[in-house]
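Biologist: Thanks for sitting down with me. Could you walk me through the model and tell me what stands behind each term you use?

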Amino acid sequence: MKPTITLSPFPKEVESWWWTHAVERWPEMSEEKLLNTLRQEIVEQSDRFNKARSFDASAYGARDLSVLAYGNFYFSRTWMAARFALAELLSVCQWTPPAKGPIRILDLGSGSGASGLACLNALRENRIANPLELHAFDYSSKSLAYLKDLHRSCADLWPNTRIKTERNDLRNPSPKMISQRYDLVLMGFSFNEIMQDLELEERVKGLKEITNCLKRSGFLLLTEPAESEICRSLHQTVARLKELEEGLFILAPYWNGMPCPMARENGKYFSHEVRKYPVVERVERLNRPLRLEIREVKFGFSILGSTSPEPVPKTPNLLRLISPVKKRKGTISFFGMAANGGERFYEFQRRDLSKEVMNQLLGLQRGDLLQIEGEFSASEEGRIRLTEANRLLPLFVPRVMGET
Ligand SMILES: C[S@@+](CC[C@H](N)C(=O)[O-])C[C@H]1O[C@@H](n2cnc3c(N)ncnc32)[C@H](O)[C@@H]1O
């Protein structure tokens with residue numbers, strides 16, 4: 001299917017910058033020794049993110065080894081997640097930047113800057129010419145120092161931009177942060193760490209304070225790792241805050257301001273995107289013996305703001321793909337979250353389809369927004385049978401240049 005928007009891949013300059021820093025930090029090590037040292041740390045971080053889940057200021061932002069392992073391995077992934085979420089903000093939520101004057105961006109739990117710098121780069125690629133100011137907060141001063149250095153070294157990727165960094169424990173944010181207003185607030189894979197072990201009402205209170213930092217026309221973008229409990233926690237917090245705050249709207253991942261239904265019900269699929277992107281060479285090299293997933297970025301996300309979303313018809317003809325596309329027993333099928341709020345099972349009979357249409361269906365990615373043209377009938381359990389008379393139209397189908 002033809003993409004509705006094409007994103008650039010992770011920049012080579014940033015990939016090389018991280019590797020050069022690792023080499024400069026340990027000039028005495030052979031390449032293989034350095035790769036193995038980073039690999040050991042990557043595995044520790046993977047266990048920390050996925051199993052131990054314990055975070056504090058010394059977790060992985062206190063040592064050069066941790067920051068450099070993150071930078072060389074995980075940074076490209078969270079960068080791409082931010083790029084996909086921003087693409088949705090720019091093309092589906094139709095964010096319009098201020099006509100003139102600087103655009104102010106706040107990155108909370110910025111680490112070494114994957115989300116904030118991806119945002120500066122995306123805005124420039126989208127020909128947004130305003131001066132850009134990025135204000136980055138983290139409790140790891142080491143990560144913030146890397147962010148500043150990277151910003152300075154790869155200036156061509158984000159011309160005419162300024163950054164300010166501030167060391168801060170965001171569990172007790174500084175009054176100064178709360179007193180300022182931003183056009184965009186980003187939280188890239190940091191909400192779950194900052195809100196770790198907090199009850200729902202405390203998370204809601206924390207998120208409310210963060211939304212207070214938005215200008216009236218501003219948006220908050222949260223991306224999170226695609227782990228079921230983390231995504232459920234994100235969507236429950238967002239849904240509860242929306243119930244309490246009339247003037248706040250949920251603009252994504254669903255239409256009509258709908259909270260993620262999976263936050264309430266135990267749906268078959270929890271809400272997250274699975275997006276492909278071209279493999280980053282250094283990541284591939286590091287990953288050879290590790291065999292972690294590196295060709296896809298899986299993430300949950302939410303976009304909030306005070307601008308009410310454009311309503312769309314509440315029909316099953318509009319859907320967000322929320323499952324893998326399956327080819328079996330003469331059918332091609334998938335689950336979609338329909339614009340009327342229901343989780344639906346969509347099924348095409350393969351015998352009806354041309355090879356071209358079949359390939360298009362098999363090339364869909366979880367998170368694509370689609371429209372189905374033509375009439376169809378739905379069974380009582382919500383199963384929708386589609387035929388060759390039903391065409392799928394892409395509404396938001398982002399793809400990365402060079403992705404295979
Ligand atoms: C998984 S990293 C994500 C970094 C970056 N946003 C990205 O997109 O790659 C999470 C970040 O949140 C920061 N963090 C976690 N808890 C924090 C807290 N209580 N206060 C400030 N920063 C925190 C960590 O230091 C780390 O840099």
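Modeller: Let me begin with a definition: a residue is near a molecule if its C-beta atom, placed from the backbone, lies within 6 Å of it. This is a predicted model, where local features need pLDDT of at least 70, side-chain atom pairs count only at pLDDT 80 or more, and totals for chains, interfaces and linings use all residues. Residues are numbered from 1 along each chain as its sequence is written.

Biologist: Which residues come nearest to the ligand?

Modeller: Of the 21 residues around the ligand, Thr78, Gly109, Gly111, Ala114 and Gly188 come nearest. Helices H3, H4 (114-125) and H7 (191-194) each give at least two residues to that shell. A helix here is a DSSP run of H or I with at least four residues, a strand is a run of E with at least two, and both are numbered from the N terminus.

Biologist: Where do the domain bounds fall?

Modeller: Domain 1 is 11-305 and domain 2 is 318-400; such bounds come from an automatic or database domain assignment. The C-alpha centres of the two domains lie 31 Å apart. Their contact takes 21 residues from domain 1 and 16 residues from domain 2, with two residues being in contact if their C-beta atoms, placed from the backbone, lie within 7 Å. Helix H3 (64-91) and strand E8 (273-276) each supply at least two residues of the domain 1 side.

Biologist: Why is strand E12 called mostly covered?

Modeller: Seven of the eight residues in E12 (331-338) are buried. A residue is buried if 20 or more other C-beta atoms lie within 10 Å of its own, exposed if 12 or fewer, and partly exposed in between, with C-beta atoms placed from the backbone.

Biologist: What makes E12 and E13 a pair?

Modeller: Two strands pair if DSSP finds at least two bridges between them. E12 and strand E13 (343-349) have seven, in the antiparallel sense, so they pair. Ser333 stands opposite Glu347 in E13. The two strands form a hairpin with four residues between them, and Gly341 in the turn has a positive phi of about 95°.
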